[in-house]
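Student: Please pick one part of this model and look at it closely. Tell me how it is put together, and then what else deserves a close look.

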Amino acid sequence: MTVFLGLGIAGVVLLALSLIFDGILEGLFGGVLDGLFDGLLSLPVIAGFLSMFGFGGAIVLGATGLGAAAATGAGVAAGVVTGWIAWKFSRALMRDQTDATPRGTDLVGTAGSVVTAIPAEGYGEVLLRLGGQPVKLAAKSAVPVARGAEIWVEASLSSTSVAVRPVER
């Protein structure tokens, strides 16, 4: 039973190390095995297999009188199932796609309001929405724009400033 518990603990330690050294096994052979196993030799999969092999074998050995051979078989079965689940879960996480990161140029054509009046020469401040979040930016306009006025973004001057024009209704 000590051997099985040792393997189970080693699997948990390997899982903890996989959080630190992610991708090490995939890169050990310099890309020779790229795509061959499709992630089956990743550290989380091996750690899941090893820990469930050890703990599953220890449970069968301690709870029944079947012996080491039956405990090994049960441990292998539990390890294969756990390794397969870890593989499927990691593949699902790797395929997870997110939306594109909003950029300053995405502001062109959006409407907003003036927070600090914009003089004819110089900058004021406007409140816009970028990716659903309010963003306050410096704004420049060819004509003076009063506080509270609705504006339209004509150009993105930098990551923190825009060129605007007042909306005429």
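**Around serine 113 and its strands**

Tutor: Serine 113 has glutamate 150 as its bridge partner in E4. This is a predicted model, in which local features need pLDDT of at least 70 and side-chain atom pairs count only at pLDDT 80 or more, while totals for chains, interfaces and linings use all residues. Residues are numbered from 1 along each chain as its sequence is written, and side-chain values use heavy atoms, with hydrogens and water left out.

Now the strands. E1 and E4 (residues 150-156) are antiparallel and share three bridges. Two strands pair if DSSP finds at least two bridges between them. Strands (E, at least two residues) and helices (H or I, at least four) are DSSP runs, numbered from the N terminus. Serine 113 also faces E2, where leucine 127 stands opposite. E1 (residues 111-116) and E2 (residues 124-130) pair over three bridges, again in the antiparallel sense.

Next, E4 and E5. Five bridges hold this antiparallel pairing. A hairpin of four residues links the two strands. Within the pairing, tryptophan 152 stands opposite arginine 165 in E5.

Then follow the chain out of E5. Valine 167 sits in the segment after that strand (161-166). Valine 167 is partly exposed, at 27% relative accessible area. The class boundaries are: buried under 20%, exposed over 50%, partly exposed in between (1.4 Å probe, protein chains only). Setting aside neighbours within four places in sequence, valine 167 is in contact with Glu150, Ile151 and Trp152. Contact means heavy atoms within 4.5 Å. Alanine 149 is 18 residues from valine 167 along the chain, and their C-alpha atoms are 7.9 Å apart.

Now the aromatic rings. The structure holds two aromatic pairs. Phenylalanine 4 and phenylalanine 53 have ring centres 5.9 Å apart and planes at 70°, so this pair is edge-to-face. Phenylalanine 4 belongs to H1 (residues 2-20) and phenylalanine 53 to H3 (residues 43-63), so the pair ties together parts 49 residues apart in sequence. The other pair, phenylalanine 49 with phenylalanine 53, is stacked, at 6.0 Å between centres and 5° between planes. The rule covers rings of Phe, Tyr and Trp (its six-membered ring): centres within 6.5 Å, then stacked under 30 degrees, edge-to-face over 60, tilted for the rest.

Phenylalanine 49 and phenylalanine 53 are four residues apart in H3, so about one helical turn separates them. An α-helix has 3.6 residues a turn, so residues three or four places apart point the same way. Phe4, Phe49 and Phe53 make up one aromatic cluster. Phenylalanine 4 counts as buried, at 9% relative accessibility. Phenylalanine 53 is buried too, at 13%. Phenylalanine 49 is partly exposed, at 29%.

Last, H3 itself. It has 21 residues and spans 29 Å from first C-alpha to last, close to the expected 30 Å. That expectation is 1.5 Å times one less than the number of residues. The buried residues of H3 include Gly48, Gly54, Gly56 and Gly57. Leu43, Val45 and Ala58 are also among them.
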